[in-house]
Amino acid sequence: MDFLAAYDAIPESEPARRVALLRRHMKGDGPALFAELRAGRPVFATPAGVFVTRMPDVVEVLSTPDVFTVGAYGPVLEEVLHGPFMLARDGADVHWHDRGHGQLMLPAEDFDPVRRLTARLADSALDRAVTTARGEGRTTFDYIQEYSAPVAARIAVEYLGFSGVPERTLHDLSRRVQWAVFANPGRDPEVHASGVAAGKELHDLVAGVIARRRAAASADAGPEPADVLGRMLRTVLPPGTGREMDDERVNHQLAGYLIGYQQNATQCAATALKELAARPEALAEAERLAAEPDTGSASEPAAFDGYVWEALRFHPFVPSTPRLCVRSHVLAAGTERETRLAAGTVVHAAMASAMFDEAVVEDPYAFRPDRTPVHNMVLGHGAHDCVGKYPARAILPEMVRRVLLRPGIRPLPGPEGAMDYAGTPYPQHYTVTAGSAPSPRRAGNG
Ligand code: HEM
């Protein structure tokens, strides 16, 4: 029986069973579920909210923040982060102002230096993982624990400015916060409490980093770090541009960046490799392009990068993002899908579905690295799309590229190569071969 028939067979009077079935399908085979919804019920009202699955409707929801707000999770995000943050608010006060500040602090000019930094950190992590595996008589290593998580966190230390905070701490705290806010639909109290405690710990760690930076600056102890935090601490906004960015608000920005970044980068660097490995032709071509020296620019990425973004279209970190409809709205007006949504409705913008909308995306199930970025929502879309998109565009392709430059490091074939989520919403273990000798030929920005 297909999903919709099974769903409709459950009486409306049993909403919990309907939601359980929906979640099972979402987890078991999200792409098949979304394909069925796009074809049969593109605007799908359930007791857990309305799922919007077609590209134009997802774009409408994510681009109309005065109707569809982040109120669906904003209050929880602020409770967990212990302060205001752009992804938790809409409108002039916090979102417009802090996002504008974020765009200045995470500029396109960072693309090249962040790419070089990623190359350096990725190479040394791969060297370490291979050497350790060989020293311990292993032929494999754990890509997530020994590569993508520590590299992402090291970038957070050196680029974002979490100086002196251990990588493991950054990774664990960000995972607990992410889980509590974005992957806890039933609001499990233990997961929530763990997120709140992690958010407080993160806030206090950042307060310590800021205090040390301020003390060093007033003692005139050498040049100030040129990382994102250093930039934020040196920036004084002109009067009349909104609220002052005092140290507490800088703290919320930096902590929020870690939450917007760490788990995403860790997972995407693994799932992009997985999707490429599942397509031998695409993998071979990506390997060839990886060895070319050109790493592109923020405005014109290298041909290689298209392989990574296309791979992630098949497995995005954020498959669907919830919004709260705050006033009555007619969605998809004038189409067959036209639906009036009442104020108070939670609407799920299913980006993972929109990216496969056959009415908009040509041959959506084909792997095409040269697709227009307009149809790629891996970094979100609309009012709250990724404010860290420039560093993200350097970090993710380069993390994958450094691996592809070592033919000996590849996922295991078959079920052995499956990712292990270890009971969490995020992949925790991914076994890869450790065949390649440390320090291969350096290419491009490496
Ligand atoms: C590395 C891979 C990254 C991925 C896959 C990613 C993905 C995303 C996605 C999908 C959204 C939209 C969320 C939504 O609409 O609910 C988003 C927003 C956001 N991202 Fe990223 N991101 C990445 C890197 C970064 C980096 C490096 C930073 C900052 C240093 C960052 C900071 C943010 C922030 C602050 C927002 C919210 C923007 C707003 O509310 O206006 N992200 N990101």
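**Entry 1: the iron.** The iron atom of the ligand has a single donor from the protein, Cys386 (SG), 2.3 Å away. Donors here are N, O and S atoms within 2.8 Å of the metal (3.2 Å for Na, K and Ca); water is not among the atoms, so sites may look incomplete. I then placed Cys386 in the chain: it sits in the loop between helix H14 (351–354) and H15. Helices (H or I, at least four residues) and strands (E, at least two) are DSSP runs, numbered from the N terminus.

**Entry 2: ground rules.** This is a predicted model, where local features need pLDDT of at least 70, side-chain atom pairs count only at pLDDT 80 or more, and totals for chains, interfaces and linings use all residues. Residues are numbered from 1 along each chain as its sequence is written, and side-chain values use heavy atoms, with hydrogens and water left out.

**Entry 3: the shell around the ligand.** Which residues come nearest to the ligand? I found 28 residues around the ligand, and His95, Arg99, Thr321, His384 and Cys386 come nearest. A residue counts as near if one of its heavy atoms lies within 4 Å of the molecule or strand. By class, I noted 18 nonpolar, seven polar and three charged residues in this shell. Ala, Val, Leu, Ile, Met, Phe, Trp, Tyr, Cys and Pro count as nonpolar, Asp, Glu, Lys and Arg as charged, and the others, Gly among them, as polar.

**Entry 4: oxygen atoms of the ligand.** For Thr321, an N or O atom of the side chain is 2.6 Å from an oxygen atom of the ligand. For Arg99, the distance from a side-chain N or O atom to a ligand oxygen is 2.7 Å. For His95, a polar side-chain atom lies 2.8 Å from an oxygen atom of the ligand. Two or more residues of the shell come from each of helix H5 (92–105), helix H11 (247–277), strand E5 (321–325) and helix H15 (389–404). H11 gives the largest share, six residues.

**Entry 5: the second largest pocket.** I read its volume as about 600 Å³. Of its 25 lining residues, Trp309, Thr372, Pro373, Asn376 and Arg393 are the closest to its centre. On a 1 Å grid over the protein atoms alone, a pocket is an open set with protein on both sides within 12 Å along at least five of seven lines, a cavity is a set of points where a 1.4 Å probe fits but cannot get out, and lining residues have an atom within 4 Å of a point. Grid points are joined across faces, edges and corners, and a volume is the space filled by probe spheres set on the points. Helix H13 (303–313) supplies the largest share of this lining, five residues. The lining divides into 10 nonpolar, seven polar and eight charged residues.

**Entry 6: the whole protein.** I counted 15 helices and nine strands. The C-alpha atoms fill a box of roughly 65 × 55 × 40 Å, taken along the principal axes.

**Entry 7: the cavity.** How many cavities of 30 Å³ or more does a search of the whole structure find? I got one. The largest cavity has a volume of about 40 Å³. Its lining includes Ile144, His171 and Tyr426. H11 gives the largest share of that lining, three residues.

Note on methods: A polar contact is a pair of N or O atoms within 3.5 Å; within protein, one must be able to donate a hydrogen and the other to accept it, and residues adjacent in sequence count only if both atoms are side-chain atoms.
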